[in-house]
Amino acid sequence: VNIGILEKEAAALNEVFVHYITHRSPFVIYKAAMSLDGKTGANSGHSKWITGSAARRHVHWYRQRSAAIMVGIGTVLQDDPALTVRDLSFPPINPLRIVVDSRGQIPLECKLARDVTEARTLVVTTDQMSWEKEKDLKQQGVDVLRVPALEKRVDLKKMMEILSEKSIDSVLLEGGGTLAAAMMERELIHKVMFYVAPKLIGGVCAPGVLMGNGIQQMNQSIPVEEMLVDRIGEDLLITGYIRKKG
């Protein structure tokens, strides 16, 4: 009897299930589209579209494989995304849409709060959101989850624990750079998917893939392992796994 045949490949095919069962926490993939010089938008914040149509279709395929899509409130205010599955040749499966919004800034007229018939929306917030705003959101069919605050922001680890209890086994983190940096700092991201377009944007103030405070020394950088590079239309897709510290 031979054991362990293609063990690594089999684990990769079942990485979400294996992680969720082993750690009882969602498997988180950080997906970002960027230019060749690492920018996710122009100085103005304009970002449609950095990548080509083939890469965007590929993202929708990954969306329908995820239990939830997550963005920060900054992305909602800047882009007003729908976060639904589109452009596929088969009926879409829309995952839960999660907005991390510590102060309850989500507009009642945005797509995520207004269009909840095809896909559910969950706003994760703190006691900084007014009860009146929560009531208005719930009247529109939006779910609201209050979690403890950590330095006046959503306690991300506690949020992930609650999502796990709700049987959310996987999260596709789509933006933006500030939320991604906070998730990375708390070791809550397990895999990265970076779509790289053959474009140069430049600009000191142009947003990047990871914002936040960053590191002070290169030995503090976060290693990425098992990297793969694929061609998706005119763009490159770079994937890799985050190595745990220590």
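This is a predicted model: local features need pLDDT of at least 70, side-chain atom pairs count only at pLDDT 80 or more; totals for chains, interfaces and linings use all residues.
Residues are numbered from 1 along each chain as its sequence is written, and side-chain values use heavy atoms, with hydrogens and water left out.

Let me begin with the nonpolar cores, a core being a set of buried Ala, Val, Leu, Ile, Met, Phe, Trp, Tyr and Cys residues joined through side-chain atoms within 4.5 Å, where buried means under 20% relative accessible area, exposed over 50%, and partly exposed in between, with a 1.4 Å probe and protein chains only. The largest core has 34 residues, and the members that touch the most others are Met70, Met159 and Met183. Contact here means heavy atoms within 4.5 Å, and Met159, leaving aside neighbours within four places in sequence, is in contact with Met70, Val100, Val124, Val147, Val154 and Met183. Apart from this core lies another, of 16 residues, including Leu83 and Val144.

Now to Thr126, which counts as buried because its relative accessibility is 1%. Setting aside neighbours within four places in sequence, Thr126 is in contact with Asp101, Ser102, Arg146, Val147, Pro148, Ala149, Arg153 and Val154.

Finally, the cysteines: a search of the whole structure finds zero disulfides, a disulfide being a pair of cysteine sulfur atoms within 2.5 Å. Cys110 counts as buried at 4% relative accessibility, whereas Cys205 is exposed, with a relative accessible area of 65%.
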